Amino acid sequence: MSKQVIVNALISAVTFLVLAGWLLGISMQAEPGGVQLVFAEPSHLHWLWGGMAAVFFGQLFLPNLFGKLRSGVSANKPSFKLPSMDRKGGNLIACFVLAGAIIWPFMVSRGSVDLATLTLIYVMLGLGLNVVVGLAGLLDLGYVGFYAVGAYSYALLAAEGWGFWTCLPIAGAMAALFGFLLGFPVLRLRGDYLAIVTLGFGEIIRLLLNNLTELTGGPNGISGIAKPTLFGLEFNRKLKDGGFDTFHNFFDISYNSQYKVIFLYLMALLLVVLTIIVINRLLRMPIGRAWEALREDEIACRSLGLSPTVVKLSAFTIGAAFAGFAGSFFAARQGFISPESFTFIESAIILAIVVLGGMGSQIGVILAAIMMTVLPELAREFNEYRMLMFGLMMVFMMIWRPQGLLPMSRPHMQLKQEA
Amino acid sequence: MSLLLDVTGLTMRFGGLLAVDNVALRLHEKEVVSVIGPNGAGKTTVFNCLTGFYQPTSGQIVYRGEHLEGMKGHLIARKGIVRTFQHVRLFKDMTVVENLLVAQHRHLDTNFFSGLLNTKRFRKSERSALEFAKYWLDKVGLTEFANRKAGNLAYGQQRRLEIARCMVTRPEILMLDEPAAGLNPRETEDLDRLILELRDQEDVSILLIEHDMKLVMGISDRIYVVNQGCPLADGTPEQVRNNPEVIKAYLGEF
Ligand SMILES: Nc1ncnc2c1ncn2[C@@H]1O[C@H](COP(=O)(O)OP(=O)(O)OP(=O)(O)O)[C@@H](O)[C@H]1O
Ligand SMILES: [Mg+2]
């Protein structure tokens, strides 16, 4: 084990301590003399040390382990094989994680499940924005606009009596359409200019929602949005969302509000899994490679016959579609939406998730989304300082780990033994 | 030999600077034609005009009877005219094979749903792309680096990868901008051989900008000399070598 690896692991662990320490390690108490900073309870500290150890040993051994696996493979005779989705080890771990994620809500409190559902929405948003920013390298600061389009599409269609599962693809398509239309004029811009214009578009969408009172209810938003049903079974105490029966009545069990929360969580999980699968496919498709190539060198892309406009537009559109899916689920879960939910700060948080996670890296984005939603919740007393902490976190990240928590590892063409 | 590319009166003006002035150029099938000239003569600018990166101020570019002036760069590339760059432009964070796959984009199955569902047709198209990439990696001797990041290759290897990346697009005209710059003598010899191989076995015509006179004189069928944007002379290597004006412009560079 080289010194480099140990140093790297140490740095990662310290970074973790600094990042999480703010949130878990200290708490504030109101005392007669004013607010006092004190060390948090031991239980919090245990988590902190545990996390640090996990990060340290993870950094220490994981690269080594994977390095061994890889070198073992590449020693063989070279002939090419496409990277497949079913890398055995990774798949097994993914199955375990998924199984854990499915069982987990049945064992914890309602509040935790609710928070986890919110986290999953951010995971979806992070993964979607990752396509635009991380893969295609287009800095989009108005991503929340597409999220809003998805949410309002669902809210308005649901009011007409449409079901969630019908609306979901429509909401995604609507957001994609907006992405496409907005993308057309702005994609000839680059870098900072693109960022500013997309920021503007995000705001325009919010202002439209605020002012098209006839359609969107203006600042009052839309309330009483129908919840999703399970094949027409509602999770409400009484029938109200147009389903044919309620869940507890159909299965003849007593009503429990927990069911609804768990159902929503599982749905979010399903959507996230679908998102991950789709993006994984995209990465292995010509279009996914073209996105990355575009991020790397637009001029070279052109010289090889790739149309930069088409490639950018596809990234913008597909990224927006994911925001649309997330938005419609968000509306369904909340039951109420207003322009308040779609301010610039949301865009900033989603972008922070992508940057924190490591541009282009899916697992990184998932971890970052969890961090960005769960940590502030665990340290409620710090709520007013949330933005300050995000800022600090980003600064520390940029200094110590500019490539993000888990930098991207793309699907590589594995060298395979010749038969 | 049929005429592939016929350029006449090509002029490019940057504000007050006349970078290319009334240049004419012809390229036939299976020919290696070089463009030489001192630094700042406007050679790269000619390339940029031909490949659609600049809009020439005036002049005609006719490729197989079709006018290319004003056409977008990626459309010209799709017609079969591709180029390398004076400063290597690889997709540095992508692997060597991925570089070659990106270049084959337009020959692949890009249907969104067949890719998403990983259909048989899609897998077949990807596999053949990979085979083709391997063919070219073998040719330029980079097979063992297939999964390296392109940015981590040695300079000479990056140059060869850039040529391979052009070749997998199945071009008709390959334009090389100073491919030997920064190569050591042995690598230059390999390059020499590779270029002739491309012409003789792969049926591409090559337009070459190069300062290495030994290379240019050795492999060119014809040479164009430009000086400060103006065409100075053209002809076989023998004619160009003995042209007094060329000798004067180069002040005995060879
Ligand atoms: N985009 C541009 N804007 C303004 N001037 C330019 C531009 N591109 C090239 N030039 C000018 O045109 C002239 C010719 O440049 P060019 O790069 O074509 O020379 P070259 O023959 O390729 O030289 P070298 O052998 O050094 O590569 C130079 O004076 C250069 O400064
Ligand atoms: Mg040049």
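With a relative accessibility of 13%, B:F145 counts as buried, a class defined by a relative accessible area under 20%, as against over 50% for exposed and in between for partly exposed (1.4 Å probe, protein chains only). The model in which this residue is described is predicted; local features need pLDDT of at least 70, side-chain atom pairs count only at pLDDT 80 or more, and totals for chains, interfaces and linings use all residues. Residues are numbered from 1 along each chain as its sequence is written, chains are lettered from A and ligands numbered from 1 in the order in which they are written, and side-chain values use heavy atoms, with hydrogens and water left out.

B:F145 is found in the loop between α5 (120-140) and α6 (155-167) of chain B, where helices (H or I, at least four residues) and strands (E, at least two) are DSSP runs numbered from the N terminus. Its C-alpha atom is 8.7 Å from that of B:T95, although the two residues are 50 apart in sequence. The loop between α5 and α6 of chain B also holds B:G141, which is partly exposed at 39% relative accessibility. Between the C-alpha atoms of B:G141 and B:R64 the separation is 33 Å, over 77 residues along the chain.

The magnesium ion (ligand 2) has B:T44 (OG1) and B:Q86 (OE1) as its protein donors, at 1.8 to 2.1 Å. Donors are N, O and S atoms within 2.8 Å of the metal (3.2 Å for Na, K and Ca), and since water is not among the atoms, sites may look incomplete. The pair joins distant parts of the chain, as B:T44 belongs to helix α1 (residues 43-50) of chain B and B:Q86 to the loop between β6 (81-83) and α3 (96-103), 42 residues apart.

Ligand 1 is surrounded by 14 residues, the closest being B:G40, B:K43, B:T44, B:T45 and B:Q86; a residue is counted here if one of its heavy atoms lies within 4 Å. Helix α1 of chain B gives the most to this shell, with 3 residues, and β2 (17-28) and α1 each supply at least two. Polar contacts, meaning pairs of N or O atoms within 3.5 Å, involve oxygen atoms of ligand 1. A polar side-chain atom of B:N39 lies 2.9 Å from one such oxygen, while polar backbone atoms are found at 2.8 Å in B:G40 and at 3.2 Å in B:A41. Taken alone, ligand 1 exposes 630 Å², of which the protein buries 65%; these areas come from the Shrake-Rupley method with a 1.4 Å probe.

Most residues other than glycine have a negative phi. For B:N22, in strand β2 of chain B, phi is near 60°, and the residue is partly exposed at 48% relative accessibility. For B:N118, in the loop between α4 (112-116) and α5 of chain B, phi is about 55°; a relative accessible area of 25% makes this residue partly exposed.

Over all chains, the count of disulfides comes to 0, a disulfide being a pair of cysteine sulfur atoms within 2.5 Å. For B:C230, the nearest cysteine sulfur is that of B:C49, 14 Å away. B:C230 is partly exposed, with a relative accessible area of 33%, whereas A:C167 is buried at 0% relative accessibility.

Conventions:
A polar contact is a pair of N or O atoms within 3.5 Å; within protein, one must be able to donate a hydrogen and the other to accept it, and residues adjacent in sequence count only if both atoms are side-chain atoms.
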